[in-house]
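Please look through the structure shown here. The briefing below it goes topic by topic.

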Amino acid sequence: MKKLSTQHPKLTLSDLYNDDVVYTSRPSYISNPWLEPEEHQSNFLTGRELIIADQMPVIVHQASVTKKLEMLLELIGKPMPTNIYTFYDQTSYEKTIKKLAKQDNKRIYFQYIHSESILEKEYYAMDKDIFVALNNKARIPEWTNQKYLPAREVVKVEAFEDAITNWTFPFVLKPGDDLPTAGGYGVMICYDDEDLIKAKSRIEQAKDETDTIIIEQKIQEIANYCVQFACEKEGDIHYIGTSEQITDKYGHYSGNQNVHDVPESVIQAGKEIMEIGVSKGYFGIAGFDLLIDEHGDIFAIDLNFRQNGSTSMLLLDPLIQSGYQKFYSYIAPHDNEHFFQTIIKYVRKGCLFPLSYYDGDWYNNENVPSRFACIWHGQSQEQVDKLEQQFLKELKI
């Protein structure tokens, strides 16, 4: 693998894709039972990769590129991105995608697949069939060469009720089809009968759109890594770093922190998986959720052949150069202006690196809380934790 420069971001999206490619990180407005993000959260996601996009054009909600973002970026010496196409609702979003593809001869790189009614697969920058296959959780054994696997079973949704009687708690349930998921939303960890009842209800609601369910051993991990790689169109693979996932006991994702001294066995496991994906035709960034248990065994629980939450943190590491970093996001608890001014204060302190800002005040006739994605950074986790607690306390004032 090539060595990467430490003078600039390790790489940017425009290093990986051709000039005719436009990126969108928004989930489709047409939701599925395993990915039903709130609309403002989906709009907020459109600004997350603006800094690492570099020259690559990005489709962004207008509330994510207001004067407030410009002010935040100015504090860290970054210009306001100009490589953007904006939208403001479902109609304008879908119209923008269709115009770019069919009139402007652009190809679209989707973070999450959209239906053929929005855009046919021939306009995708990444082959849609390959992208769907690599992100299908039921097919993980194919992409790991049958390695790094928890005990698992893939069953037809109608056979799930019988199959689950053969398993003992705790176990994990996941959809086993082509529908996209994110942030642990499609993961159902069951510790007891109460959890299983809730999972059965979700599966029942989704059965018309879901063919198979994955039943998987719940690994008692001592570390939860997201190991990330990038592949250029020419096939050169770069290791871009590893972060540690911040999740709750039910697997719901909330952020990442950087991690040092990652076991070489974890990096090599990720590299093997990336090489398999590349051999199938994948290019771009991918992150693999790899667990280590107390015996040092590695388990691949999710393969995300796309940008991940902590991708920006890893790529921007040479610019930040602090000992400890944490990728996180926040929603204004009450007053948007107070939220923004508090953020400004901590960015000026030199401990908060802004990535994106979703300006709730862009909406004139609706009360919308603002949202903010960032990288905390400092000499130690203890220092950052203390600063964050001060930040959260001030937000409540």
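Predicted model: local features only at pLDDT ≥ 70, side-chain atom pairs only at ≥ 80, totals over all residues.

A search of the whole structure gives zero disulfides and 22 aromatic pairs.

**Cysteines**

- No disulfide turns up anywhere in the structure, the count being zero.
- A disulfide needs two cysteine sulfur atoms within 2.5 Å.
- Cys351 is in no disulfide either, and the nearest cysteine sulfur, that of Cys374, is 9.4 Å away.
- Cys226 has a relative accessibility of 2%, so this residue counts as buried.
- Cys351 is also buried, with a relative accessible area of 5%.

**Aromatic rings**

- The search of the whole structure finds 22 aromatic pairs.
- One of them joins Tyr357 and Phe372: the ring centres are 6.4 Å apart and the planes meet at 55°, so the pair is described as tilted.
- This pair links distant parts of the chain, since Tyr357 belongs to strand β15 (residues 352-358) and Phe372 to strand β16 (residues 371-378), 15 residues apart.
- Tyr357 has 0% relative accessibility and therefore counts as buried.
- Phe372, with 0% relative accessibility, counts as buried too.
- Elsewhere, ring pairs connect Phe229, Tyr239, Tyr282, Phe288 and Phe305 into a cluster.

**Charges over rings**

- Lys233 lies over the face of the Phe283 ring, at 4.9 Å from the ring centre.
- Lys249 has its charged end over the ring of Tyr191, 4.6 Å from the centre of that ring.

**Helix α4**

- Helix α4 covers residues 90-102, which makes 13 residues.
- At 1.5 Å a residue the helix should span 18 Å, and the C-alpha atoms at its ends are 18 Å apart, so the two values agree.
- The N-terminal end of α4 is capped by Asp89, which has a side-chain oxygen 3.4 Å from the backbone nitrogen of Thr91.
- The buried residues in α4 are Ser92, Tyr93, Glu94, Thr96, Ile97, Leu100 and Ala101.
- The elements covering these buried residues include the strands β1 (21-24), β2 (58-61), β3 (84-87) and β4 (107-110).

Terms used: Residues numbered from 1 in each chain as written. Heavy atoms only, no water. Buried < 20%, exposed > 50% of the residue type's maximum accessible area, 1.4 Å probe, protein only. Phe/Tyr/Trp six-rings, centres within 6.5 Å; stacked < 30°, edge-to-face > 60°. Helix = DSSP H or I, 4+ residues; strand = E, 2+ residues; numbered from the N terminus. Lys NZ or Arg CZ within 6 Å of the ring centre and 35° of its normal. Expected span 1.5 Å × (residues − 1). Contact = heavy atoms within 4.5 Å. Polar contact = N/O pair within 3.5 Å; in protein donor to acceptor, adjacent residues only side chain to side chain.
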